[in-house]
Structure formats: structure tokens, C-alpha cells
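Subject: Structure handover

Hello,

Here is the structure I promised to pass on. Please open it first, then read the notes below.

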Amino acid sequence: MADVAEQHHPLTIAEYDRFVEAQHDDRAWELVDGELVMMSNPTENHEQIAGNVGAPLKLAMDAAGCRSYQGGMRVQRSADSRGKDKTKPDIVVRCSPRQNQTFVTDPLVVVEVLSPSTMDHDRGGKLKFYKSLPTLRHVALIYQDQMRVEHYERTEDGWRLGVLTAPNDILRFDAVGFEIDLDRVYFDVPVSRPIMDAGHTR
């Protein structure tokens, strides 16, 4: 489980911001449904996966006139400080005009590299929050300990889940015209890969 700060009532973004400002260490926190959740320190595998996806995604988004941020941008539902969620995805993409704020309210794509200590929150309250954002089209949850990506894509009929587990499986963000295969997602990351048929070609 993730570390959760002791609190007596659901916090607003304004209260969360005051809490974070008062801290005197390098711990990072998120606000998920009014609950303070301490983020885990990233492992090398975590950072490798985030970079494997984030670097080509940024190049593609720069060329498309969009912006891709890796690791530093918060996501809120709106600028209303009475909100109960303020998360920090590993990667976020937006294509609207630049706002130059410390958070975004109109993401198109969110990528989370799952850590064991925060997985319950990432697949629970955070995922619920992301799905509620009207602009969001893609959420990718990438596992560190196995070759597995859970891709949630918004369709006309609601959210559709695709599970990718093979090196040649393609993670596609159709909303921004980007795709990447899992072999590249997990480049230089020590996870087991299925043995492909001798005649298989990518």
C-alpha cells in the first residue's frame, strides 16, 4: 500500500497545496479523492520505462503541435481549489493552447508506470478520477515487474480496456496519432518476454 498521511477529513486542493508547501523534505505527495498519498521513489526500471515512452512521445507531440510532459506536471479537474484530486502522472499530453500553469485541466493522454506501493491507488481512485475528465482519451498503466500494459481508451460507448502482454503488441494513442510496441516500451528493462515462433517477423 502507498503511505497515506493521517487526516481527519477529505482535503481540498487548497488544503493540499498548503500541506505540501509546509513540508521540509523531498517527499512527493498526490491528492486522490481528498486523500493525501505519498508517492514512492522511482526505481531505475520505472525511469527507464517512463523514458522509453516519454522520449519518442515528446518528439511526436512537438512535431504535431502538442505538448508532452514527463514527471513534473499535475492534473486537476479544473482551477477550482475546492476540488479533491491533484495527481502527478508519469507522462501527460495536452494539445490545447499553452496556459503556463503548474497543473493542466485538459489532458488527452495520461501514462502511469505502476509501483508496488502505489498500485492500488493508481488502479483505483486515480484511474476513476482520470476516467471522469472530459478531455481524456487514453490512460495507460504500465507494469514494472512484468510485460503488461493496461490501456483504457474512451470510445462512443464508454471506456474500453485493452491488455497488452507481448513484445509485438502495439500501444496506440489514436487521439494524438502515436504508437509504440511493447518491445520498445520495455527496452533495457529486465522483464521476461514470450518466446516468439522462429518464423515470426515484426
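**What I found**

Start with V93. Leaving aside neighbours within four places in sequence, V93 is in contact with L57, M61, R67, S68, P107, L108, V109 and V176. V93 lies in strand β6. Is V93 buried or exposed? V93 is buried, because its relative accessible area is 0% and the cut-off for buried is under 20%. One distance to go with that: V93 and E44 are 49 residues apart in sequence, and their C-alpha atoms are 23 Å apart in space.

Please keep in mind that this is a predicted model.

**The whole protein**

Now step back. The protein has five helices and 13 strands. What radius of gyration would a compact globule of 202 residues have? The value would be near 17 Å, and the protein has 17 Å, so the two agree. Along the principal axes, the C-alpha atoms fill a box of roughly 60 × 35 × 30 Å.

Of the 202 residues, 43% count as buried. The accessible surface comes to about 10,700 Å². Carbon and sulfur atoms account for 48% of that surface.

Next, the contacts. Take those in the protein with a separation of 6 or more: 56% of them are between residues 24 or more positions apart.

Then the charges. The protein has 24 positive and 32 negative charges. How far apart are their mean positions? They are 5 Å apart.

**H138**

H138 lies in strand β9, which covers residues 138-142. Its relative accessibility is 0%, so H138 counts as buried. Which side chain makes a polar contact with the side chain of H138? The partner is the side chain of H151, at 2.9 Å.

H138 touches other residues too. Not counting residues up to four places away in sequence, the list is L108, V109, V110, H151, Y152, E153, W159, R172, F173, D174 and A175.

Most residues other than glycine have a negative phi. Two residues here are worth a look on that point.

D33 is not a glycine, yet it has a positive phi of about 50°. Where is D33 found? D33 is in the loop between β2 (29-32) and β3 (35-38). D33 is exposed, because its relative accessible area is 59% and the cut-off for exposed is over 50%.

N100 is not a glycine either, and its phi is positive at about 55°. N100 sits in the loop between β6 (91-94) and β7 (103-104). The relative accessibility of N100 is 72%, so N100 counts as exposed.

**E35**

Last, E35. This residue lies in strand β3. At 29% relative accessibility, E35 counts as partly exposed. The value falls between the cut-offs of 20% and 50%, which is why E35 is neither buried nor exposed. E35 and T87 are 52 residues apart along the chain. Their C-alpha atoms are separated by 11 Å.

**Where to look**

For a quick tour, go to V93 in strand β6. Then find H138 in strand β9 and its polar contact with H151. Finish with the loop residues D33 and N100.

Best wishes

How values were computed. Residues numbered from 1 in each chain as written. Predicted model: local features only at pLDDT ≥ 70, side-chain atom pairs only at ≥ 80, totals over all residues. Heavy atoms only, no water. Helix = DSSP H or I, 4+ residues; strand = E, 2+ residues; numbered from the N terminus. Rg over C-alpha atoms; globule rule 2.2 N^0.38 Å. Buried < 20%, exposed > 50% of the residue type's maximum accessible area, 1.4 Å probe, protein only. Contact = heavy atoms within 4.5 Å. Areas by Shrake-Rupley, 256 points an atom, 1.4 Å probe, with all protein chains shown as cover. Lys, Arg positive; Asp, Glu negative; His and termini not counted. Charge placed at Lys NZ, Arg CZ, Asp CG, Glu CD. Polar contact = N/O pair within 3.5 Å; in protein donor to acceptor, adjacent residues only side chain to side chain.
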